[in-house]
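Hello,

Here is the structure I promised to pass on. My notes on it follow below.

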Amino acid sequence: MNPYERRIASMRYSLASLLANAVTGNCNWQPVWREPEPKPAYDVVIVGGGGHGLATAHYLAKEHGITNVAVLEKSYLGSGNVGRNTTIVRSNYLLPGNLPFYEWSMKLWEGLEQDLNYNAMVSQRGVLNVFHSDPQRDAYARRGNAMRLHGVDAELLDRDGVRKLVPFVDFDNARFPVRGGLFQARGGTVRHDAVAWGYARAADRRGVDIIQNCEVTGIRIENGRVLGVETAKGFVGANKVALSVAGSSSRVGALAGLRLPIESHSVQAFVTESIKPLIDVVMTFGAGHFYVSQSDKGGLVFGGDIEGYNSYAQRGNMPVIEDVAEGGMALMPVIGRLRIVRSWGGLLDMTMDGSPIIDKTPVEGLYFNGGWCYGGFKATPAAGWCFAHLLARDEPHPYAAAYRLDRFAHGAVIDEKGMGAQPNLH
Amino acid sequence: MTSQSNRLRDGGLIDRAKTVRFSFDGETLTGYQGDTLASALLANGKKLVGRSFKYHRPRGILTAGSEEPNALVELRTGARREPNTRATTIELYDGLEAASQNRWPSLKFDVMAVNQLFAPIFGAGFYYKTFMWPASFWEKVYEPAIRRAAGLGRAASAPDPDHYDKAHAFCDVLVIGSGPAGLATALEAARAGARVILAEEDFRLGGRLLAERYEIDGKPALDWVRAAEEELASLDCRILRRTTVFGVYDGGTYAAIERVNDHVKLPPAHEPRQRLWKIVARQAVVAAGAIERPIVFGDNDRPGIMLAGAVRTYVNRYGVTPGRRAVVFTDNDDAFQTAVDLADHGVEVVAMVDARAMPSVKAKEIAAKAKAPYFANSVVQRVRGRQAVKSVDIAAPNGEVHRIDCDLLAMSGGWNPTLHLTTHLNGKPVWNADLSALVPGALPPGMSVAGASAGQFGLAACLASGRLAGTEAAKACGFKPKRHKAPKAADESTEASPVWQVETSRGKAFVDFQNDVTISDIKLAAREGFRVPEHLKRYTTLGMATDQGKTGNLNGAAVLANVTGRYVGAVGTTTFRPPFTPVAISALAGHHRGPDFRPARLAPSHKWAEEQGAVFVETGPWLRALYYPRAGESPQDSVNREVANVRTQVGVCDVSTLGKIEVQGTDAGVFLDRVYANTFSTLPVGKARYGLMLREDGFVMDDGTTARLAEDRYFMTTTTANAVKVMQHLEFCQQVLWPELDVQLVSVTEQWAQYAVAGPRARDVLQRLVDPGHDISNEAFPYLACGEINVCGGVPARLYRLSFSGELAYEIGVPARYGDALIRAIMMEGAAFGIQPYGTEALGVLRIEKGHPAGGELNGQTTAHDLGFGKLLSAKKDFIGRFMAARPVLADANREKFVGLRPLDREARIRAGAHLVPKDAEATAKNDQGYVTSIAYSPSLGHWLALGMLARGPERHGEVVRAVDPLRGEEVLAEVVPPCFVDPEGERLRV
Amino acid sequence: MRIKCPYCGERALEEFTYRGDATVKRPRSLESDAAEAWTDYVYFRHNPAGLHREHWYHGAGCHAWLTVTRDTRTHEIVAVEFADKREGT
């Protein structure tokens, strides 16, 4: 073992290390990541210390051997959407532009903890989309069959099949009785913060500098080529600059003169007081906007539609809150007396077709990852993987080949819902 | 134990004449009207009330308010069970049933308490470091075990049987909190003439005045409260008791929950349990008081350890003493008042422990008054007793340790302003070094703060700041307040020099009680790099419990500051977010449950269809007749019969749900040319035409028919699903894109009842309905004709010769109020010709037989070329979507295009949602060439048929493909055919 | 959020439907060299963090399309006018 490997080995998490540290009063645990000052220049500067930026750094280092990398985060690590989402992972997509990408993400989730030596509590408890009508069933069948043709697991359940999973659902709802569901057993939840921390720890151990409280205030470009970024801690040079700031993509992109097919929107999420286990799967309502799972701590974590107007405020208003509660009561009225203990907001990059962008930009050396709409968290590993590939090899990864910026001009949009160029409808 | 052994002989705002019986963990106990469950439990000497989240530590009652982290119970039973209910906020009512939670087998003996022994392993974030091997064990072994151990109470066992109300209110000044500051605010604002709403979370006005023995104007403060209440009742002030303002939203919108009937066993008939208020206030004054801080020391969570202010509340307001031998441990003079209040009721105060380095003159005076030994510059170093405090060790500065027996420890680390509502719109609190507390920072528009919420802790200061806030709020609303006499009061001591934590104490020192976050956890987190409050919270769960860190967050910041060598203000705390206290999901949903989840739209023939025994289906908000069963028929039989009857005789179907829009004006034709892909300005008066509408991105948005009733008058129909969307789109085009056009739009979907009368005998039926003088012969009224006529003796009607079924058919519209009469008339007149009603299922079969694209094909992903409508794209004019539709990708011949599919095996059934692959190719993504959009059993052809989208479909007619449906394990070979299966020449509709 | 409709007065968010950026202009040209202008109109947005002129539809009220000037960071509304300015005059 070389010194680097020894250091890594000494910091390995295991039951043995947990016991050994318990005996010594837990005084010997090391910081999960270093807190370095930025160097004058890096091969790659990643803007955004969220899940995607940190995953990109990890895969750049691990898969491509590029370790002279800095991740710049304007606030604390993981302060954006990676710590604000509802923790759901799934690959139950419809279109060929999306399916291979999200399935690769699912596969990376499945091996994440061993890869990172960090327990992010990947819980493959299953994702169930209930349906209430024949047209809805047909649309889910089309989707489920597309999944199966791509080698992704999917099951079409009838009422009895749904009942086995979620007996407390209001099957005979007076308006929208449950007729069945599309189930992806491999979908589930992941402890969101731990994803950021696990990637940060892994990237840090391979030498990536993670620099918090370091807002990027400018992108220096000369003759159409990026030279580096101006930051709260001074200029940092870079051969390549990778933007990974979903929610604020337009704001940061504007620093390089980019105009994007993106609007920023707020979405709220909610958690109830902790209760004993009630819901074992992730479930979505088909006749309104409501989806729910139960955290390991016991709170029901749920959400609904986006607020629907451009916003950078990271919060929402009452109409969506009421709409979500109504959806919850229509689907599972046993939760009526449970109480919401906290609501919060995240910022979404809503694109014009509801699908993301991983691509080069017109500025040489400037790369873009964003436009994740609702799909950002579940995409974290694959987005990091494919963005790292693009940065390392200057060509799109095959799984992200459809996520090009020029698709809007050509018309090869990836519109899962068929809503057209209206971001708040995706 | 005798009944109410800890009830004081006198005092308290309880009605001793009204005994209330209740039960806790099955034991029947009594209290008085005016008690909370917490005060009644304490009165009965019950100290052990719950168990903590992680270590299952025995817990008692820490507070007397909504900030309570420990005393959580399951209230009520069965469908009304409410887990995690704070005993400190439950008003006692006769027959109340409560049970402790998160313990097994009993509250006193909880097996899971063994977790405490493993605390060194179960430190902050331990789960991130283990449970990784083998990977599959997480879901199967580790997670289920963790989930079972976690959680607190249990959800109800059945749907919530109560109902919930919603109300809107508008006011000039909303006052949140009715303590001295809130009452003073409300009085000044209301006296100035402002419309005031005063919201108080408690069932009694007065706030802190209920718990203290203050005087105002030389009389007991409660006299002043009573007078204020009376005066407010005489002014324009609505007082909402039991009402918590829980969230602040944009535009001066405040959300509040009124607990209308939580203080009784069952809501009376026709009354809601709770009411959600949405209050729009021009000005709002937050006068929500303050929350006391615990001190962090070893075993500070033992039952019998309580916040000092809470002890005073129980003594003064409820006439209950939480113990008989009390120790007061604090870092401020105000809390020592507790000793006097206890001593005055005959409770022995055995020690006053002052954690401050400098002895306090004031404290010494109080000690003398309470006859309590005073320990200056001392701390409680150790607590003995597991399920109740038995004694404490007090460490003096000279190193001496005094062990003192006691059964009550009142503690106080100072107070935090209740400023949560000031942060809901992203406001950040600021550190006030004088108060050693966070105080409100920048406030949202229209909001101000008063009293303790603003850091004005003294009574006189509260009254003064309330008066000022009320006056200013009234002025901001345009009122001219007069000066009124100020109430006189003294300020109690508000000096603060917090000690936060006892470094030298033994045992687990809790910061977040409910979530069992201790000093060691925070130290470990800091050691591992989690040094900002957000990281600390997320790593240790500090502040994530049901109380959201109301008592623990700032202490956590203080411990973190201590570990990392900063000061508390520099560390700060995490963001407070709505709701202020937890809100029931039922209350947010209100009446929108069950059948009232969404408004139901009923077609004009609904009542008649019900009489016929129709089976209905939800299509969006509409309830439509799906089919009309007859005795002995299966659903499929009914649909087959209805379809066959249309093809051979005549049927009638309610199509009123289609979107209907009047388009009028001299530029109506030009306007339609711009919104439709095809041309309408050339349509002759008295004719209708199929229209295709694109989105601006070039994909198909909607279709329908539009009839020209006059030069400047068109009548448009849209699909049922897109009616609202199309109207909105057209109004955008009219108002924003082309305001210069003379065109007006009105949605008349609700105004016209419209029926399709279809089948070879359709004209025969209509002839009997149409008033004399209207010639509807094929010559006079050919296919696609339209006109305004009268029916049934003078009823105005519109007749369109349109056919969705491919048969001779009409759509007839009458004003909606005649809809019911018309369906009855059609059925009566049609009887002679074998008329039968048909529902949307038969409608669907008829259109699939004819190959008209509908919902499954108009899915927002298809282009005009895909659907075979490329010819409709006019090249002579601009229209919405024209430019983008011409992009090569949208017109690519390789795209999936609209086809018909006929199973080779005539018995086989193709499934909608199946995918299409070449006949001999593997069913993989690589070979995926399309999908099935719609299917139907065709009674006309005697087999199943399907429509779908297939790559290069129209070039492949005659080819056999496989419809694969791995979800259902089916595969069907199908011939690709043109989408129209019946009468492809369209002869039958022109006869 | 509450929007002061110039026709109906101040009404709650529930009554309105959002469309988006009101500053984009529909190109008039149908020539092939207008492709960039069309792509820009249909798909690309400034999406500012700050004042944003945007279209709202008072669907549950007077059916007017409004141009609202609003700060996307605070949701504070600075101005509301008819999108068809001729109606406001």
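Where is the place of Val340(B)? Val340(B) lies in helix 6 (residues 333–344) of chain B, helices being DSSP runs (H or I, at least four residues) and strands likewise (E, at least two), numbered from the N terminus.

A word on conventions: this is a predicted model, in which local features need pLDDT of at least 70 and side-chain atom pairs count only at pLDDT 80 or more, while totals for chains, interfaces and linings use all residues. Residues are numbered from 1 along each chain as its sequence is written, chains are lettered from A and ligands numbered from 1 in the order in which they are written, and side-chain values use heavy atoms, with hydrogens and water left out.

Back to Val340(B): with 3% relative accessibility, this residue counts as buried (under 20% relative accessible area; exposed is over 50%, partly exposed in between, with a 1.4 Å probe and protein chains only). Not counting residues up to four places away in sequence, Val340(B) touches Arg213(B), Ile366(B), Lys369(B) and Ala370(B) (heavy atoms within 4.5 Å). Its C-alpha atom is 9.4 Å from that of Ala368(B), 28 residues apart along the chain.

Now the cores (buried Ala, Val, Leu, Ile, Met, Phe, Trp, Tyr and Cys residues joined through side-chain atoms within 4.5 Å). The largest nonpolar core has 106 residues, and Trp109(A) and Ile358(A) are among those with the most contacts inside it. Helix 11 (residues 376–393) of chain A gives this core its largest share, 10 residues. A second, separate core has 80 residues, including Phe22(B) and Val349(B).

Finally, Phe109(B) is exposed, at 55% relative accessible area, in the loop between strand 7 (96–99) and helix 2 (137–149) of chain B.

Best wishes
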